[in-house]
Amino acid sequence: WAGRFVVGADGRVAIDCNDLGVEFVEASMDVSFKEIEVDDFELKPLFGKLCQRSEHPPSDIFGIPLLSIQVTQLLHGGMALGYAHSHAVADGHSMWHFMNSWAECGRGMPISVPPLHDRTLLKIGVASKDSAARFSFGFPEAIKSTEATASQQAERKPSGLAQRVFHFTADMIKKLKSLAAEEGKGDFTSYEVLCAHFWKHVTKARRLADKAGVCFGVLINFRRRLSDPLPPSYFGNAISMVAAFTTAGQLCSESFAASASRLREAIMKGSSEDRFWETLHFLELHDNLWADDIMAPLLKTVPMNVASSFRFPVYDVDFGWGRPAAVLTARITGGEGEMVLLPGRAGEGNVDICLAVEADAMERLGNDNAFLNF
């Protein structure tokens, strides 16, 4: 974290461990803890002031610290700890590994799981054109050939971004699983039913044209999916993205189990070890063509994507004064259509979902009886 990004002699971006340090800011705010926790810690614009930056901007990767920490003292007691980090350095698994290790140091304890910084564990050597050629993001031909989305999205007019936290209890998630299982398509995971539920109802709230292409992007942690699994202490990125595609009309009209199955199929296809290594070979050979080969077709759809995980140990971070009262995103940085999953404050099995969508769609979603009452 204390280094900086540089361009190496081979033209690749690397981390120079020059010990320039992280950004650490002490701040105060004329806001009480009660004002922050009102409405069950609903996302508020002031949350953005609890971090120096709510994301690590890719436009200035060489000029800013790789990690920024802000400690904010609140009126009448209480504090907030905000952070922003470069995803090029670490994924969510590694970031929460760091936060818990830092908290152990704060309690005067040795780090229970020292980080492993051996990036050669994912080194592929000489990139293979054959392996790279087998990589596919799964874009349907109808989406690849789409020239423009204006006609598909004719009913969609920007109304400003709205952000909100939805609290799903363990019982609600159990009910979603039961609803999906009624069609005999097997047992679904909590992750699959939550993503399918949000994808269907947000798409309905967006009021898209029936022919509009829609996709749902999922990040997969490959640490335990490799034949030679990475140790839990591996620090870095070990993730890949997959996506499910269809049209808005199809998604809204099909059964809940069918939508959950659509996501499951995409996740299963993208979770194989071969897919992971093919992705690395593709990235090695295509360099900055990633934007043309991957992002261009995605922009022909109305996307949703999920970030973070409700399995991250966010409430284990204890600097000596107890578990956090709440852990939330200061601002959803992935833009419109992103969901951020976090463990629920209420306890085991509950999930908090931070969502960003257009304001009018958010209003319709909140008024959708079937969204929270099922």
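Is Lys-269 buried or exposed? Lys-269 is exposed, with a relative accessible area of 59%. Here buried means under 20% relative accessible area, exposed means over 50%, and partly exposed is in between, with a 1.4 Å probe and protein chains only.

Before going on, the ground rules. This is a predicted model, in which local features need pLDDT of at least 70 and side-chain atom pairs count only at pLDDT 80 or more, while totals for chains, interfaces and linings use all residues. Residues are numbered from 1 along each chain as its sequence is written, and side-chain values use heavy atoms, with hydrogens and water left out.

Back to Lys-269, and to salt bridges. A salt bridge is a side-chain nitrogen of Lys or Arg within 4 Å of a carboxyl oxygen of Asp or Glu. The count by this rule is 9 salt bridges. In one of them Lys-269 is paired with Glu-265, with 3.2 Å between the closest N and O atoms. The two residues are 4 apart in helix H8, so about one helical turn separates Glu-265 from Lys-269. Helices (H or I, at least four residues) and strands (E, at least two) are DSSP runs, numbered from the N terminus. Glu-265 is partly exposed, at 44% relative accessibility.

Glu-192 and Arg-264 form a salt bridge, and their closest N and O atoms are 3.0 Å apart. This pair links distant parts of the chain, with Glu-192 in helix H6 and Arg-264 in helix H8 (residues 256–270), 72 residues apart. Glu-192 is buried at 7% relative accessible area, whereas Arg-264 is partly exposed at 21%.

How many residues apart are Arg-345 and Asp-40, which also pair across distant parts of the chain? Their side chains meet in a salt bridge of 2.0 Å, N to O. They are 305 residues apart: Arg-345 sits in the loop between strand E10 (338–343) and strand E11 (351–358), and Asp-40 sits in helix H1 (residues 33–41). Arg-345 is partly exposed at 24% relative accessible area, and Asp-40 is partly exposed at 36%.

Next, the aromatic rings. Rings of Phe, Tyr and Trp (its six-membered ring) pair if their centres lie within 6.5 Å; planes under 30 degrees apart count as stacked, over 60 as edge-to-face, and the rest as tilted. That rule gives 18 aromatic pairs. Phe-168 and Phe-198 make a tilted one, 5.5 Å centre to centre with 45° between the planes. Phe-168 is in strand E6 (residues 161–168) and Phe-198 in helix H6 (residues 190–206), so the pair ties together parts 30 residues apart in sequence. Phe-168 and Phe-198 are both buried.

Phe-319 and Trp-321 are stacked, at 5.6 Å centre to centre and 20° between the planes. Phe-319 is buried at 14% relative accessible area, but Trp-321 is exposed at 60%.

Last, Lys-177. At 31% relative accessibility, Lys-177 is partly exposed, and Lys-177 belongs to helix H5 (residues 170–181).

That is the set. Questions are welcome.
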